[in-house]
Amino acid sequence: MVEGFSFNRVLQFIKRDLVMLRGTFTTGLSLAIVLLFPFCLLNMVWDKQLDLGEFFGIFGLFYIPLGIIFTFALFREFNNNKTNHLYLAIPISIPERLVAKWLTVTFIYTVVFSVIAVLVGTLAIVFGIIAFGADFNLLSLFSEHYWKVVKIYFVLQPIFMVGAISFTKNRIGKTILALGILFLGFMLFNFLLYAMLNYGAGVFSENGLGSQAFDKAGADFSTFGRWFYGLIFGPLMLVVAYFKMTEKEV
């Protein structure tokens, strides 16, 4: 029985995962590099430039899906009936195991992928300058565009972590299906809540008050909504992942 929380055990478990899955990580990152370079070049063909918004748009196309794939790869042993008894016998507590997985597929993955992506993007810009006279633009991680993509990933990743733990077969497909149903459910909930709170004021009449009220409500509560759903799909999903891991290990 492992007692207490040891960050040293967390670090050792992270090292173990990185060694065990080095082939998966290397292949995934290599594929991202191979695809990121031509995507950046193609973007410069028309306007001869690659600004931060365009680059981090391309960045997100690979960063988020690859991170989701890595999430499922990290829990492959966890759901393998032939090896999970040995995997679960490793002397590490559930909180330590969860923290190690989360740090690996969020902070470590984000830092490694970001550095590689900026280097590849910069190389593509240099090649574009030489090949067809593109403008030089310095790519930086200290950009609003970058942090928007990272925030989206940090909110989505715990959801797929829960799916990776919960499902044993067709894990990605079932998780996406569950996420789609959840999204439709929240969208219907928002619509019904808005209708109940504003129906008596005549906001659904034909005089345009409805659209005006909706725009004002969106402006007033957009920040609250982001925090609300961010907490639901972020920290709350990590709590769900903890209890799912507890169920598997019992």
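Student: How many Å does α2 reach from its first C-alpha to its last?
Tutor: Happy to start there; this is a predicted model, where local features need pLDDT of at least 70, side-chain atom pairs count only at pLDDT 80 or more, and totals for chains, interfaces and linings use all residues. Residues are numbered from 1 along each chain as its sequence is written, and side-chain values use heavy atoms, leaving out hydrogens and water. Helices are DSSP runs (H or I, at least four residues), numbered from the N terminus, and the expected span is 1.5 Å times one less than the number of residues. With 26 residues, α2 is close to the expected 38 Å, and its reach is 38 Å.

Student: Which elements do the buried residues of α2 pack against?
Tutor: Buried means under 20% relative accessible area (1.4 Å probe, protein chains only). In α2 the buried residues include Phe 25, Leu 36 and Met 44. Those buried residues pack against α1 (7–20), α3 and α5.

Student: Is Thr 104 buried or exposed?
Tutor: Thr 104 sits in helix α5. Leaving aside residues up to four places away in sequence, its contacts (heavy atoms within 4.5 Å) are Ile 14, Leu 18, Leu 74 and Tyr 109. Because its relative accessibility is 3%, Thr 104 counts as buried.

Key. Helices (H or I, at least four residues) and strands (E, at least two) are DSSP runs, numbered from the N terminus. Buried means under 20% relative accessible area, exposed over 50%, partly exposed in between (1.4 Å probe, protein chains only).
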